[in-house]
Amino acid sequence: MNVEIDTGSGFCFGVTRAIGKAEEVLQNNARPLYCLGDIVHNSMECDRLQQLGLITIGHDEYNQLHDAAVLLRAHGEPPQTYHKARQNNIELIDATCPVVLHLQERIKREYDSDPEHHKQIVIFGKPGHAEVLGLVGQTEGTAIVIERPEDVKDLNFSQDIYLYSQTTKPLDEFRRIVDYIEKHISPQANFRYYDTICRQVANRMPHIREFASRHDVVLFVCGKKSSNGRVLFSECQRVNPQSYMISAANEIDPRWLTECDSIGICGATSTPTWLMEECKVRIEQLLGSNE
């Protein structure tokens, strides 16, 4: 039996960097370290860091903090979060992904360059997602968020449109939105679009298709909160119907492993490598008990 862990799966650069910062501070700092929101959309990795001393809080708790150290995760935060830190003497350990930070700066420049706010600043992203909240915050809440390509029909095509994207959205869907706007925008209106999708994430889609097609059975390891995971898993399942999503090794059903010669283990940008390795060990145990 061939059991392969996908070397292209696992934490993206931004998540790796954020977790590294958390571990460094926890190791060298005697006072508590808070994290604003789950550092990664994987409950088992969050539990591991909690055991090291990381305390996850929400924005309501954050607003009540004073004289504390708070880690900002890779997703980024709106300007209000930084303003509150200055008010309450909070030390921020800013682990915002550099790709997200650059995108925030671009959107803020776009917004500030139009004091009359004639432009429609549009963000292709998931409403309520932490990264999107940080992006919308650069426009004082005025940016328009569209979640699906079909939502583009609700824009005002007689008014200027400046299109950006959440860094983890599918590239093909972004291109569909661009194509639709180009065909419907008024000749009197300007349309500019900026492909701000992280290529490290976008390139996983074609890679995961190829990986899923090479195995009889695919186990996709992913936290239930991961939107990136849901997108990648649906692609796995489309290519290989014998694909199963699990969040931990104890969820593996032995019946999935029968009558196959090859099992692939892959995951989302929020899936730790150690968790995929645990799943491989569990598969080998199950296969050994069946022999």
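Predicted model: local features only at pLDDT ≥ 70, side-chain atom pairs only at ≥ 80, totals over all residues.
Student: How do you know that strand 6 and strand 8 pair?

Tutor: Strand 6 (residues 120–124) and strand 8 (residues 161–165) share 5 bridges in the parallel sense. Two strands pair if DSSP finds at least two bridges between them, so with 5 bridges these two qualify. Residues are numbered from 1 along each chain as its sequence is written, and side-chain values use heavy atoms, with hydrogens and water left out.

Student: What makes strand 7 and strand 9 edge strands?

Tutor: Look at the order of this open, parallel sheet of 4 strands: 7-6-8-9. Strand 7 (144–146) and strand 9 (191–193) each pair on one side only. As for the names, strands (E, at least two residues) and helices (H or I, at least four) are DSSP runs, numbered from the N terminus.

Student: Which strands does helix 7 lie across, and how does helix 7 run relative to strand 8?

Tutor: Helix 7 (residues 171–184) lies across strands 6, 7, 8 and 9, at about 175 degrees to strand 8. Angles run from 0 to 180 degrees between N-to-C directions of axes, which are lines fitted to C-alpha atoms, for helices over the stretch in contact (heavy atoms within 4.5 Å).

Student: Why are both faces of strand 2 called covered?

Tutor: In strand 2 (residues 33–36), L33 and C35 on one side are buried, and so are Y34 and L36 on the other. Buried means under 20% relative accessible area (exposed is over 50%, partly exposed in between; 1.4 Å probe, protein chains only). In a regular strand the side chains alternate between the two faces of the sheet.

Student: And what stands opposite Y34 in strand 3?

Tutor: That's I55. Strand 2 runs parallel to strand 3 (residues 54–57), joined by 4 bridges. In strand 4, Y34 has V70 as its bridge partner.

Student: What makes the unit of strand 2, helix 2 and strand 3 right-handed?

Tutor: With the strands pointing away from the viewer, a right-handed crossover has its path from the first strand over the helix to the second running clockwise. The β-α-β unit of strand 2, helix 2 (residues 43–52) and strand 3 is right-handed, so its path runs clockwise in that view.
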